[in-house]
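Please look through the structure shown here before reading on.

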Amino acid sequence: MNVYLTVIVGVMIVLLMAVFIIVFVVFYQRKQLQQRVNWQVIEESYQSQLLEASLRGQEAERRRIADDLHDDIGTLLSATRLNLAHALRSFQNPGDAEKLVIQSKALLDDAISNVRKLSQSLKPSSLDSFGLSAALEEFAQKMTQRTSVEINFEEKSKMPKLIPAFELTLYRIAQELVGNSLRHANASRINIYLYIQNMKIILIVQDNGIGFNWEFVQQQGKSGYGLKNIESRLRIMNGSFVFGEPDGVGTKTTIIIPLGL
Amino acid sequence: MSFHVFLIYFSSFSSILPVIIGGMRYSYVIKNKPYKWLFLYSVFIFLLELVTVYVSHYKINTHFIINIWGIIELIILYNVYSFVLPQKKKRLYLIISIYVLVSIGVLLLKSTNIISDISNSLSAFLLTGLALYYFLHLLRTLESTNLLKFPFFWINSGILLNFSAIFLVYLFSHYILFNEHTAIRQLWDIVYGMLIVYRIFLAIGLWYSKPQ
C-alpha cells in the first residue's frame with residue numbers, strides 16, 4: 001500500500017499547490033491592479049501640477065508684460081501726451097514749445113525702446129534670424145551688461161538649424177535656468193554650453209553659486225514652478241534634465257533632448 | 001450502487017454541464033475562437049462519455065478510447081492556448097508534434113488495451129505547464145480587471161487542478177495496477193472527482209464568455 005498512499009499524498013500536495021497558485025494569482029493580480037491605479041493617480045496629480053506650473057508661468061509672464069506696458073510704456077506715453085498738451089498751450093512762447101517737443105521726442109524714443117525690449121524679451125528676433133546659438137550669445141551678453149554676473153555662452157559643436165518651436169523651448173529653458181541662478185545661487189559666473197552628442201541636443205547651464213540639492217527639494221515637494229515649467233516643456237520634446245554639483249561647487253543643469261522631432 | 005460506480009456516472013454526466021452552459025451562451029461563444037473551440041471540446045467530451053458508458057455497459061474495454069482521447073485533448077487544448085497566448089504558436093505546435101509522435105510510438109509499442117501511463121502523464125504534465133505559463137501571462141499583462149469574471153481564468157484553473165492532480169495518478173497507474181491492483185479503484189476515484197471539478201470550472205468559464 002506504500003506506493004498507493006504516496007500517490008494519494010502526492011496528489012493532495014499537488015492539488016493544494018494548484019489551489020494555492022490560483023488563489024495567489026487572484027490576490028496578486030488585484031494587488032498589481034491596485035498599484036497600477038495608485039500610479040495613475042500619482043501620474044495624474046503630477047501632470048496637473050505640471051499644467052498648473054505652466055499656467056502660472058504664463059500668468060506671471062502676462063503680469064510682467066502688463067506691468068511693463070503700464071509702468072514703462074503707459075507712463076511714457078502719458079507723459080508725452082501731457083507734454084504735447086503743454087506744447088499746444090505754449091505755442092505763443094516758441095522757446096518753451098520747442099523744449100517740450102524735444103522732451104516729447106525723447107519720451108517717445110524711450111517708449112519705442114521699451115516696446116523693443118518687451119518684444120525682444122517675448123521672442124528675441126535673433127532667434128528667428130540667426131538661430132539658437134546667436135540668440136543665446138546675445139542673451140548672455142545682455143544679461144552680463146544688466147547684472148554684475150559674468151555670463152558666457154559656448155557653442156561646443158556646430159548646431160544645425162532646428163525647428164522654431166524647438167529652438168524657442170531651449171531658449172526659454174536657458175532663460176529660466178539663468179534666471180534661477182541669478183535669483184537663488186548667489187553666483188559670480190554662469191556658463192551656458194550647447195552641443196550635439198549621439199543625436200541628442202545637450203544644453204548645460206552651470207554656475208559657481210551656493211549649489212542646489214535637487215533630491216532634497218523633490219523629497220520636500222518644494223520644487224518651484226520654474227522647474228516644473230522646464231519639466232513640462234521638456235516632456236513635450238521627450239527630453240529630460242539632470243541636476244548636479246560639479247566638484248561640490250555651484251549647480252550644473254544638463255538638459256538632454258533627443259533629435260529627430 | 002457503490003460510491004465508485006456513482007462517481008463514474010456522475011463524472012460522465014457532468015460533461016453535459018459545459019455543453020448546456022455553452023449552448024446558453026452560444027451567441028457569445030461562437031464569436032470567440034478559443035471559446036468556440038472549448039465549446040466543441042465540451043461537446044466532444046460529452047459524446048465520448050456517452051460512447052464510453054454505452055461501450056462499458058457491454059463490458060468492452062474502453063482504455064483505448066482514453067488513450068486516443070488523451071492525444072486529441074492535448075491537441076485541442078494546445079490549440080485553444082495558441083489563441084490566448086501571443087507569439088508562442090511555433091513553440092506550441094513543436095511541443096504538440098513531439099508529444100503526438102512520442103504518444104503514438106508508445107501506444108504502438110505497448111498494448112492499447114491498457115491505459116498508457118507515459119502518454120497520459122506526459123499530456124497532463126504539458127497541460128499543467130501550459131496552465132502555469134498562462135497564469136504568468138495573466139499576471140504580466142493584467143488582461144482583466146476582475147479575474148473572477150474572466151472566462152479563461154476559470155478554464156485555466158480547471159485545467160491546472162485537473163491535470164496536475166491526474167498527472168501523478170497516470171504516472172503510477174501501471175505500477176499500482178500490477179502491484180497493488182486493489183487500490184487502483186480509489187485512484188480512479190480521484191480522476192473522476194477531478195473531472196467533475198474540471199467540467200464545473202469549464203462551465204463557469206463558458207458562462208462568463210458573455211462580455212461583462
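The model is predicted. The size of an interface is often given as the accessible area lost when the parts come together. Here chain B and chain A bury about 2200 Å² between them, and 80% of that area is on carbon and sulfur atoms. Chain B brings 26 residues to the contact and chain A brings 23 residues. Between chain B and chain A there are 0 salt bridges, and 1 residue pair is in polar contact, with both residues at pLDDT 80 or more.

Which helices of chain B each supply at least two residues of the side that touches chain A? They are helix 7, helix 8, helix 9 (173–179) and helix 10. The largest share, 8 residues, comes from helix 8 of chain B. Sorted by class, this side of chain B has 19 nonpolar, 6 polar and 1 charged residues.

Next come the nonpolar cores. In soluble globular proteins, nonpolar side chains tend to be buried together. The largest nonpolar core in this model has 69 residues. Those with the most contacts inside this core include B:Leu38, B:Tyr81, B:Phe152 and B:Ile159. Helix 1 (2–89) of chain A supplies at least two of the core's residues, and so do helix 4 (33–57), helix 5 (63–84), helix 6 (89–109), helix 7 (117–141), helix 8 (151–171) and helix 10 (184–207) of chain B. Helix 8 of chain B gives the most to this core, with 13 residues.

Leaving aside neighbours within four places in sequence, B:Ile159 is in contact with B:Leu77, B:Tyr81, B:Leu127, B:Ala131, B:Ser164 and B:Tyr198. Another core, of 33 residues, lies apart from the largest one; among its residues are A:Leu136, A:Val149, A:Phe166 and A:Ile255.

Two residues of chain A call for a look at the backbone. Most residues other than glycine have a negative phi. A:Met199, not a glycine, has a positive phi of about 60 degrees. A:Met199 is found in the loop between strand 2 (189–197) and strand 3 (200–207) of chain A. Is A:Met199 buried or exposed? A:Met199 counts as exposed because its relative accessibility is 58%, and exposed means over 50%.

The other residue is A:Asn238, also not a glycine, with a positive phi near 65 degrees. A:Asn238 is found in the loop between helix 7 (225–236) and strand 4 (240–244) of chain A. With 59% relative accessibility, A:Asn238 counts as exposed.

Definitions and conventions: Residues numbered from 1 in each chain as written. Chains lettered and ligands numbered in written order. Predicted model: local features only at pLDDT ≥ 70, side-chain atom pairs only at ≥ 80, totals over all residues. Heavy atoms only, no water. Core = buried A, V, L, I, M, F, W, Y, C linked by side-chain atoms within 4.5 Å. Buried < 20%, exposed > 50% of the residue type's maximum accessible area, 1.4 Å probe, protein only. Helix = DSSP H or I, 4+ residues; strand = E, 2+ residues; numbered from the N terminus. Contact = heavy atoms within 4.5 Å. Buried area = accessible area lost by both parts, 1.4 Å probe. Salt bridge = Lys/Arg side-chain N within 4 Å of Asp/Glu carboxyl O. Polar contact = N/O pair within 3.5 Å; in protein donor to acceptor, adjacent residues only side chain to side chain. Nonpolar A, V, L, I, M, F, W, Y, C, P; charged D, E, K, R; others polar.
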